[in-house]
Amino acid sequence: MADIAKLVEELSQLTVLEAADLAKALEEAWGVSAAAAVAVAAPAAGGDAGAAAEEKTEFDVILTGDGGKKINVIKEVRAITGLGLAEAKALVEGAPKALKEGASKAEAEEIKKKIEEAGGTVELK
């Protein structure tokens with residue numbers, strides 16, 4: 001158990017980008033996908049999918065591309081997320097990536113508008 005506690009402590013010190021890189025490396029090494037697990041878990045929750053879509057109050061804002069305006073999009077990502085230049089650049093270059101998770105509809109729409117005005121493309125989930 002001491003080894004697990006040490007591992008948890010070390011993983012807790014990772015930056016968001018390092019954690020994302022770790023998740024990607026584990027997906028490749030083990031041949032699994034975190035997205036597949038989420039997709040499988042969602043139907044298991046039960047209920048009417050149509051009603052759930054209408055009641056959705058939290059959205060994930062996913063950057064899907066820079067639209068050829070990478071510098072403008074990086075500047076906007078930095079303003080929205082508070083990331084440093086290197087982290088924002090890595091996020092934009094690694095698209096599709098989540099910019100904001102669990103955002104209200106109004107906040108998600110505002111972020112989408114700002115990124116699209118900068119030249120990027122965004123998807124709300």
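Here is a friendly chat about the predicted model shown above.

Reader: Hi! What should I know about the model and its numbering before we start?
Author: It is a predicted model, where local features need pLDDT of at least 70, side-chain atom pairs count only at pLDDT 80 or more, and totals for chains, interfaces and linings use all residues. Residues are numbered from 1 along each chain as its sequence is written, and side-chain values use heavy atoms, with hydrogens and water left out.

Reader: Thanks! How many helices and strands does the protein have?
Author: There are seven helices and three strands.

Reader: In what order do the elements run?
Author: Starting at the N terminus, the order is α-α-α-α-β-α-α-β-α-β.

Reader: What is the strand order in the sheet?
Author: The sheet is open, its three strands are ordered E2-E1-E3, and the pairing is antiparallel. Two strands count as paired if DSSP finds at least two bridges between them.

Reader: Which strands stand at the edges?
Author: Those are E2 (97-103) and E3 (121-124). Each has a single partner strand, so one side of each is left without a neighbour in the sheet. On average, neighbouring strands here are turned by 20 degrees against each other, direction ignored.

Reader: How many bridges join E1 to E2?
Author: Four bridges join E1, residues 59-65, to E2. Leu63 stands opposite Lys97 of E2, and Ile62 has Ala98 of E2 as its bridge partner.

Reader: And what about E1 and E3?
Author: E1 and E3 also pair in the antiparallel sense, over four bridges. In E3, the residue opposite Ile62 is Glu123.

Reader: Is E1 buried or exposed?
Author: Five of the seven residues of E1 are buried, so E1 is largely enclosed by the rest of the structure. Buried means under 20% relative accessible area, exposed over 50%, and partly exposed in between, using a 1.4 Å probe and protein chains only.

Reader: What percentage of the residues in the protein count as buried?
Author: Of the 125 residues, 16% count as buried. The accessible surface comes to about 8,600 Å², and 56% of that belongs to carbon and sulfur atoms. These areas come from the Shrake-Rupley method with a 1.4 Å probe, and for residues only the protein chains shown count as cover.

Reader: Switching to helices: at what angle do H5 and H6 cross?
Author: Their axes cross at roughly 120 degrees and come within 9 Å. That makes H5 oblique to H6. Axes are lines fitted to C-alpha atoms, for helices over the stretch in contact, with angles from 0 to 180 degrees between N-to-C directions. Under 35 degrees is roughly parallel, over 145 roughly antiparallel, 65 to 115 roughly perpendicular, and the rest oblique.

Reader: Which residues make that contact?
Author: H5 contributes Lys70, Val73, Ile74, Val77 and Arg78, while H6 contributes Leu85, Ala88, Lys89, Leu91, Val92 and Glu93. Contact means heavy atoms within 4.5 Å.

Reader: How do H5 and H7 pack?
Author: H5 and H7 (residues 105-118) pack at about 155 degrees, with axes 8 Å apart. They are therefore roughly antiparallel to each other. On the H5 side the contact is made by Asn72, Val73, Glu76, Val77 and Ile80, and on the H7 side by Ile111, Lys114, Ile115 and Ala118.

Reader: Where is Gly84?
Author: Gly84 is in the loop between H5 (70-81) and H6 (85-93). Gly84 is partly exposed, with a relative accessible area of 26%. Its C-alpha is 9.9 Å from that of Ile74, 10 residues apart along the chain.

Reader: Which residues does the cis peptide bond join?
Author: Ala95 and Pro96, with omega about 10 degrees. Pro96 is found in the loop between H6 and E2.

Reader: Last one: is Lys105 buried or exposed?
Author: Lys105, in helix H7, counts as exposed at 53% relative accessibility.

Reader: Which residues is Lys105 in contact with?
Author: Leaving aside neighbours within four places in sequence, Lys105 is in contact with Thr57 and Phe59. Lys105 and Thr57 are 48 residues apart in sequence, and their C-alpha atoms are 6.3 Å apart in space.

Definitions and conventions:
Helix = DSSP H or I, 4+ residues; strand = E, 2+ residues; numbered from the N terminus.
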